[in-house]
Amino acid sequence: MSISHRHIEVFRAVMTSGSVTGAASLLYTSQPTVSRELARLEQLLGFALFERQRGRLQPTAPALALFDEVQRSYIGLERIAGVAANLGRQDRGQLSLLCLPAFAHALLPAVCRRFAAGHHGVGIAITPQESPLLEEWLSAQRYDLGLTEHEAAPPGTRLQAQWLADEVCVLPDGHPLLARTVLAPQDFAGQAFVSLSPDDPYRVQLDRVFADAGVARQMLLETHSAVAVCAMVAAGLGVAIVNPLTALSLAGQGVQLRRFAVSVPFRVSLVLPEFRPSTPLTGAFADAVVAELAHATAALAEALA
């Protein structure tokens, strides 16, 4: 099978424009040329990519599946082209960041605002990822900077611990337990509890805390996301204990924060690749992370006062 880049280019143009005429315009070529290349591609593949209905081309199921794969390849190519263009401009740059999903919601928007204020035109690509892929990708030197909650650095990286705070209780507005400033495990006895998924390390720690205290909760809802947990709480479906950054970002939006009597530490650490060249942009972004975490410390203390 001798499929060429030109065949794929023609196929993508037809799929994108919806017609041979549109594809010819996109490719600055003639309609007969597009029709010929498309027919050749179908011959090489051994199946039809389009059906003609009332004079219009309708993609077949195999064509739609092929187009999904082609689009992924072109997105990668366009990203490479964008990076290459930025490398030739002194006023531009690009940072790639890998982090836990919780950080993408609760920390990085404010960090990016701080960073962008002094670095106009710099692109930031943020990829949320869970463990263990997060550690694998950081070790592979695929990103300029990482944010993790772990204490140990992945192989091939160095870790800079930045923040330590305890998990906090989140309750819906008007809940009776809001009368207390600190909640003990016993206060949750019989309460409808919204929890993280069973394999989450914080869920494991919290289950052990309540088991040791002999407290039974109503475990009615569970989800992988701390943001989703807080949304369930805001809807009045129960109470929960989550990381302080997510809780702080949603405080006042139907949820209130309280201290938990048992310490369940939550960490934020910067991860720097050992074998990927560092740039001034990396250091500047790390400074923005540190500054925003200092602000979070003060805001959290106020919310829990």
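How many of the residues of strand 7 are buried? In this predicted model, strand 7 is mostly covered, with five of its five residues buried. The burial extends to both faces of strand 7: Val168, Val170 and Pro172 are buried on one side, and Cys169 and Leu171 are buried on the other.

The surroundings of strand 7 may be described next. An open sheet is formed by four strands in the order 8-12-7-11, and its pairing is mixed. Strand 8 (182–183) and strand 11 (240–242) stand at the edges of this sheet, and each has a single partner strand, so one side of each is left without a neighbour in the sheet. Helix 9 (residues 226–234) packs on the sheet, where it touches strand 7, strand 11 and strand 12. The direction of helix 9 makes about 150 degrees with that of strand 11.

Strand 7 (residues 168–172) pairs with strand 12 (residues 255–260) in the antiparallel sense, and four bridges connect the two. Within this pairing, Pro172 stands opposite Val255 in strand 12, and Val170 stands opposite Leu257 in strand 12. Strand 7 also runs antiparallel to strand 11, to which it is joined by three bridges. Here Cys169 has Ile241 in strand 11 as its bridge partner. Pro172, Val170 and Cys169, named in these pairings, are among the buried residues of strand 7.

A further contact involves two helices. Two packed helices are described by the angle between their axes and the distance between the axes. Helix 1 (residues 5–17) and helix 2 (residues 20–27) pack at an angle of about 120 degrees, and their axes are 8 Å apart. That angle makes helix 1 oblique to helix 2. The crossing of the two helices is right-handed. On the side of helix 1, the contact is made by Arg6, Glu9, Val10, Ala13, Val14 and Ser17, which meet Gly22, Ala23, Leu26 and Leu27 in helix 2. The residues of this contact comprise six nonpolar, two polar and two charged.

Most residues other than glycine have a negative phi, and most peptide bonds are trans. Against this background, Tyr28 has a positive phi of about 55 degrees although it is not a glycine. Tyr28 lies in the loop between helix 2 and helix 3 (31–45). With a relative accessible area of 80%, Tyr28 is exposed.

Gln141 likewise is not a glycine, and its phi is positive, at about 60 degrees. The residue lies in the loop between helix 7 and strand 5 (145–148). Is Gln141 buried or exposed? Gln141 counts as buried because its relative accessibility is 14%, and the cut-off for burial is under 20%.

The peptide bond that joins Ser131 and Pro132 is cis, with an omega of about 5 degrees. Pro132 is found in the loop between strand 4 (122–128) and helix 7 (133–139).

Key: Residues numbered from 1 in each chain as written. Predicted model: local features only at pLDDT ≥ 70, side-chain atom pairs only at ≥ 80, totals over all residues. Heavy atoms only, no water. Axes fitted to C-alpha atoms, helices over the stretch in contact; angles between N-to-C directions. Parallel < 35°, antiparallel > 145°, perpendicular 65-115°, else oblique. Left-handed = near helix turned anticlockwise from the far one by under 90°. Contact = heavy atoms within 4.5 Å. Nonpolar A, V, L, I, M, F, W, Y, C, P; charged D, E, K, R; others polar. Pairing = 2+ DSSP bridges. Buried < 20%, exposed > 50% of the residue type's maximum accessible area, 1.4 Å probe, protein only.
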